Amino acid sequence: MIRVFWYLIKLAAIVFVAIWLAQTPGEVSLEWLGYRIDTSVGVILLTAFVFGVLAALAYRFWGLLLRSPRSLFDMFDRNRRRRGYKALTKGMVAVAAGDATEAQRLAHKADALLQEPPLTLLLQAQAAQLQGDENAARRYFEAMLEDKETRFLGLRGLMTQSLKAGDYGTALTYARQARQLRPKTPWLLEILFDLSERAGDFPAAERAVKDWARTNALPAPEAARKRAVLLTEQGRRADAEGRREEALRHVRSAHKLAPDFLPANLLMARLLDETQRRREALRFMEKTWAVQPHPELVRLYRKARPGETAIDRVRSLGRLVEGWRSHEEARLALAEAALEAQLWGEARRYLTMLLEAREGRPPSERACWLMARLEENEHGDAKKVRDWLMRAGEAAPDPVWVCETCGTMTESWSARCGACDSFNSQKWTEPQRVGAAQPLALDETPASSLPAPQQAETPSAKPAPPGVPPSPDEAKPPARAVGA
Ligand SMILES: [Zn+2]
């Protein structure tokens with residue numbers, strides 16, 4: 001539009017000048033080299049204009065003649081590079097599509113056309129990997145280390161190769177080098193955290209988590225939990241090596257980062273007691289119980305108050321479980337303490353509440369053992385003892401540390417599952433019993449009608465157990481060391 005406008009303006013100007021010249025006639029007389037020219041001003045001006053245009057055209061043509069070899073070469077070069085980049089792009093597409101042969105062919109083509117190794121090395125390495133030639137791929141990755149531009153990608157390739165081969169030590173070396181080039185890459189920080197933790201370098205793992213959280217790729221609560229796990233593991237190691245004060249420092253930090261992290265809390269409770277901070281230990285256990293009742297707290301609480309009479313123990317355990325009295329673990333702890341103090345009525349009361357609270361689920365194993373002990377000690381009723389021991393055999397298993405990834409059960413917690421290698425996957429929970437789909441539907445005595453104190457003399461409807469019944473002497477719960 002604007003161009004049309006300008007064209008019209010120019011045309012108007014020329015027409016105006018032509019009209020003006022025609023309307024203002026003048027004569028020009030020229031004598032030169034014996035010639036004489038008589039003409040009008042208009043013709044002279046037109047002639048001068050035509051000469052000017054011809055001179056400009058001649059000048060441009062001359063310049064073109066001088067430069068032509070170079071511009072021709074440039075044209076060919078541009079064409080070659082264009083084909084090179086096209087091959088590179090198509091090669092990348094072939095890699096993404098998993099076409100190894102095509103990727104390799106295009107990689108060679110791109111390399112020949114572009115003659116810029118940094119650009120084509122990655123494609124060549126990926127093509128080699130697609131063909132399963134890891135050695136060739138490694139050579140390409142190593143060649144990439146030479147160039148500043150491709151060094152990071154080369155390190156990434158070598159690190160990935162080491163990870164795939166399970167060589168975590170070498171992978172960690174490459175990851176550390178890569179971090180120096182790009183310290184804020186989230187995926188790299190994640191790998192650094194993982195590999196440092198595997199290598200037992202917990203401070204380095206914690207630094208990686210902190211940097212990772214700073215990239216905003218890791219939410220703050222998750223970062224805090226990861227650091228708490230690392231600190232707890234450090235505490236466990238220091239504790240195992242007899243450095244209790246140091247261990248306590250680590251788990252205190254872990255507790256601050258994630259107050260609900262049970263493994264840290266249990267270890268902290270024990271270490272507080274073992275480093276002669278008894279009052280703080282007892283207070284901490286009571287506080288922890290209110291949110292996370294755990295049998296280990298009962299064991300530690302009893303250990304922290306040695307030399308108590310059985311009656312005193314019933315009272316002191318009452319203080320421990322005060323924050324959550326209705327929890328199953330609280331009733332178990334109180335029932336056992338009452339049994340030891342020979343307070344049969346109280347023991348039976350707690351156990352009855354315990355069994356009724358199961359609401360149709362089979363009783364827990366420890367509850368069955370305690371019932372058997374109660375029947376033995378209070379009434380010496382061998383048949384009931386036998387019944388309870390039978391039930392213990394098919395009772396719901398007591399809580400343990402269960403890996404949420406692979407389901408493996410362990411008595412003690414650790415940061416990494418020994419079976420499937422998952423990080424922080426263990427939870428304290430009742431394991432799923434295999435083949436216990438409908439135990440109550442087949443049982444003639446549902447949990448809700450289990451012998452309550454007033455029904456103690458009612459004969460059990462259960463048939464006599466087959467095989468040799470265990471003697472009352474065996475009716476004692478096995479010693480358990482859970483969560484230590
Ligand atoms: Zn596992």
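This is a short walk through the fold of one chain, in a predicted model.

Okay, so, the overall picture. We have a chain of 484 residues, and 32% of them count as buried. The secondary structure comes to 20 helices and five strands. If you take the contacts between residues at least 6 apart in sequence, 48% of those join residues at least 24 apart.

Let me start with H2, which covers residues 41-97. Where does this helix bend? At Arg67, by about 60 degrees, and there's a proline, Pro69, following within four residues. I'm just putting those two side by side.

Now, the buried residues of H2 are Gly84, Ala87, Leu88, Gly91, Ala94 and Val95. What do they pack against? Two helices: H3, at 100-114, and H4, at 117-130.

Next up is H15, residues 310-320, where Val314, Leu317 and Leu320 are buried. Looking down the axis of H15, the buried residues fall within an arc of 115 degrees, so they line one face of the helix.

Keep an eye on Leu317, please. Skipping its neighbours within four places in sequence, Leu317 is in contact with Val298, Tyr301, Ala333, Leu334 and Ala337. Leu317 also turns up in the largest nonpolar core, which has 95 residues. Which members of that core touch the most others? Leu317 is one of them, along with Ala175, Val251, Met285, Leu334, Ala335 and Leu351. As background, nonpolar side chains in soluble globular proteins tend to be buried together.

Three of them make an open sheet, in the order E4-E3-E5, with antiparallel pairing. Strands E4 (409-410) and E5 (426-429) are at the edges with a single partner strand each, so one side of each has no neighbour in the sheet. Zooming in on E3, residues 400-403, two bridges join this strand to E4, and the two run antiparallel. If you want a pair to click on, Val402 stands opposite Met409 in E4.

So, to recap: a bend at Arg67 in H2, a buried face on H15, and an open sheet of three strands. Over to you.

Conventions:
Residues numbered from 1 in each chain as written. Predicted model: local features only at pLDDT ≥ 70, side-chain atom pairs only at ≥ 80, totals over all residues. Buried ≥ 20, exposed ≤ 12 C-beta atoms within 10 Å, placed from the backbone. Contact = placed C-beta atoms within 7 Å. Arc of directions from axis to C-beta. Core = buried A, V, L, I, M, F, W, Y, C linked by C-beta atoms within 7 Å. Pairing = 2+ DSSP bridges. Bend = angle between axes of the 7 residues up to and from the residue.
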